[in-house]
Amino acid sequence: MSDTPNSDFDLAVKAADTLRSQLNSHNYRYYSLDDPKISDGEYDQLLRRLENLEALYPVLRSADSPTQRVGSAPLAEFESVEHKVPMLSLANAFDDDELRDFERRLQSRLDDDSALSFVCEPKLDGVAVSLLYHDGVLVQGATRGDGFRGENITANVRTIASIPLKLHGDDFPPVLEVRGEIYLPRAGFDAINAEALAKDEKPFVNPRNAAAGSLRQLDSRITAKRPLEMCAYSLGLAEGGTLPDTHLATMQRLKEWGFLTNSLMESVVGIEACVDYYQRLAALRAGLAYDIDGIVYKVDSFRLQEALGFVARAPRWAIARKFPAEEARTRLLDVEFQVGRTGAITPVARLEPVFVGGVTVSNATLHNEDEIQRLGLRIDDQVVVRRAGDVIPQIARVVTSDADRADLPAIVFPTTCPVCGSALQRSEEQAVLRCTGGLVCAAQRKEGIKHFASRKALDIDGLGDKIIDQLVDAKLIHTVADLFTLTVEQLAGLDRMANKSATNLVAAIVVARQTTLPRLLYALGIREVGETTAKRLATHFGSLEKLEEANEEALLAVSDVGPVVADFVRQFLSNPDNLAVIASLREAGVAWPDIEAAGDQVLPLAGQVWVLTGTLTAMSRGQGKEQLEALGAKVTGSVSAKTTCLVAGESAGSKLEKARSLGVNVIDEAEFLALLASEA
């Protein structure tokens with residue numbers, strides 16, 4: 001680079017600054033003012049020019065550049081972050097009278113019966129997020145989580161065009177936290193579902209699920225492809241600067257800083273005006289470009305908000321009123337019984353198609369036998385169907401008169417599995433009937449094999465859901481053991497499987513033959529035996545043979561294993577069909593070496609809390625976690641004062657900084673490997 005004033009680099013710096021300023025200004029006009037001055041094509045041309053400059057001079061690329069919305073390399077996991085100001089939930093009002101009671105409570109607490117000023121705003125049906133800005137630059141995005149801690153989704157929120165990477169203007173506080181709702185407009189939802197169907201992929205159920213799924217992608221490049229938007233609805237934290245003294249004025253200030261705010265937000269006086277707003281929005285709801293599931297009312301004055309304070313996990317000065325679930329009347333044609341991955345028998349109502357809540361409904365879940373008895377359902381009943389939470393269709397009630405129901409057929413539950421004919425079982429504690437067929441039930445087969453091959457189980461790289469569906473449908477595999485007999489020729493004959501990908505998959509299957517006892521136990525899909533329970537069973541007994549021989553008393557001696565889990569383990573490992581599959585796994589070369597049984601011994605890292613961060617070169621973080629847990633440690637994803645030790649790999653970031661600030665012991669990978677070797 002030249003140091004002369006008119007060097008190419010100096011010109012590039014000026015050009016990049018100008019382009020960033022223009023692009024930020026056009027984003028502001030588009031999202032905040034709804035007054036674009038250039039076409040999408042002209043905007044794309046400006047963005048392409050900036051991308052070219054930053055590619056030529058990478059030093060020009062900054063975190064707040066408009067080019068940084070394309071996504072970045074996948075994360076290994078989401079980091080947990082703490083909200084400095086908790087993201088509380090809201091109390092609910094279910095009718096006009098409860099809304100009036102809300103105002104009376106406020107007036108009583110304030111000792112003033114004057115009509116209050118409220119801000120009314122649509123309750124968007126999306127995902128609540130927190131955005132943190134330092135000196136006007138976005139530094140963190142987080143989910144609501146439990147209200148006190150959420151997941152760090154900064155890489156994903158950066159891809160959303162309506163979220164400013166750098167605030168507009170210069171009058172914002174040095175530290176500013178903005179809260180809002182990330183949602184998927186209906187047009188965007190229809191577009192991504194149309195694309196999914198064209199690719200023979202499973203579509204999303206509703207816009208909210210699509211938005212939530214998009215935000216939880218570890219690969220932000222996938223999030224960048226989803227047309228998400230973020231609408232700001234409040235402040236969480238502001239340090240420094242001067243802010244307005246009302247909520248509505250603050251929302252206007254957020255709009256000036258570049259945030260999208262809801263154009264239907266209104267300030268009204270008195271609760272009757274709130275009731276009127278609810279009725280007006282209910283009438284507009286179906287025609288909006290996005291989904292809303294209710295209205296939020298907030299006392300406008302911050303001074304009164306402070307005086308009113310909070311109760312439990314909710315502010316006293318705000319309330320939500322949900323819209324009722326939409327209902328329609330139709331006829332119950334039949335009831336069919338489906339079998340899930342864990343063998344649960346679920347009755348499904350087949351309905352005369354009816355349009356309700358914006359979609360045509362022809363099926364509804366009936367949950368279990370108790371639900372059918374509660375409703376008193378019979379075949380050919382006239383029923384009212386409701387879309388609960390605007391998502392899951394369910395039968396709300398029967399409307400056929402008793403006189404007309406006398407001769408209607410009763411709903412008869414099966415006594416054996418409708419798929420494999422195995423006996424059904426219902427425990428005293430649960431209302432669900434389950435098939436006892438385990439690994440040999442065809443209905444459970446696909447989901448069971450998918451679970452067996454999943455990352456935390458045998459981790460067969462490249463064996464996706466679509467391939468498993470094809471293998472089962474083509475009758476190439478019947479049990480999980482058949483996976484290990486597959487050939488390149490068989491796989492290459494599947495749809496979208498070339499010879500190279502088939503060869504790679506066979507190689508991955510060969511690698512998966514060498515596994516561990518904890519992974520095997522988890523992979524088998526024993527009910528209630530998750531990853532942690534599988535590890536505890538493995539370390540307690542040391543071998544599958546000893547676990548198979550264990551009686552209830554021996555199983556109950558394992559930490560966190562209660563009577564229910566013990567019963568499920570005994571049922572599974574005493575079923576001859578399941579034992580035959582395990583034997584077939586051994587015959588196919590699958591090996592899981594015994595480990596030294598812990599029994600009642602105290603493991604060397606018992607009671608300790610460890611965190612892994614950065615990139616490890618000798619193993620993956622998942623493998624490091626397994627080794628630590630085998631030594632008795634609890635491995636978490638976030639650093640706190642309770643953390644015993646942090647293992648810092650290459651490119652360790654915020655977790656390392658936090659550990660040092662808290663005085664937590666930090667070791668590098670070499671020290672970590674030495675520790676593992678000493679405990680081997």
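This is a predicted model: local features need pLDDT of at least 70, side-chain atom pairs count only at pLDDT 80 or more; totals for chains, interfaces and linings use all residues.
1. Residues are numbered from 1 along each chain as its sequence is written, and side-chain values use heavy atoms, without hydrogens or water.

2. Asp300 sits in the loop between β10 (292-299) and α10 (302-308). The side chain of Asp300 reaches the backbone nitrogen of Leu248 at 2.9 Å.

3. Now to strand β14 (residues 327-339), which holds Phe337; strands are DSSP runs of E, at least two residues, and helices runs of H or I, at least four, numbered from the N terminus. Phe337 counts as buried because its relative accessibility is 19%, buried being under 20% relative accessible area, exposed over 50% and partly exposed in between (1.4 Å probe, protein chains only). From C-alpha to C-alpha, Phe337 lies 9.5 Å from Val419, although 82 residues separate them in sequence.

4. Helix α24 (residues 654-662) is worth a look too: its buried residues are Lys655, Leu656 and Ala659. Seen down the axis of α24, these fall within an arc of 100 degrees (taken from the directions from the helix axis to the C-beta atoms), so they line one face of the helix. On the other side of α24, Glu657 and Ser661 are exposed.

5. The buried residues of α24 pack against β21 (609-613), β23 (645-648) and β24 (665-668). Just after α24 comes Gly663, with a positive phi of about 75 degrees.

Conventions. Contact means heavy atoms within 4.5 Å. A polar contact is a pair of N or O atoms within 3.5 Å; within protein, one must be able to donate a hydrogen and the other to accept it, and residues adjacent in sequence count only if both atoms are side-chain atoms.
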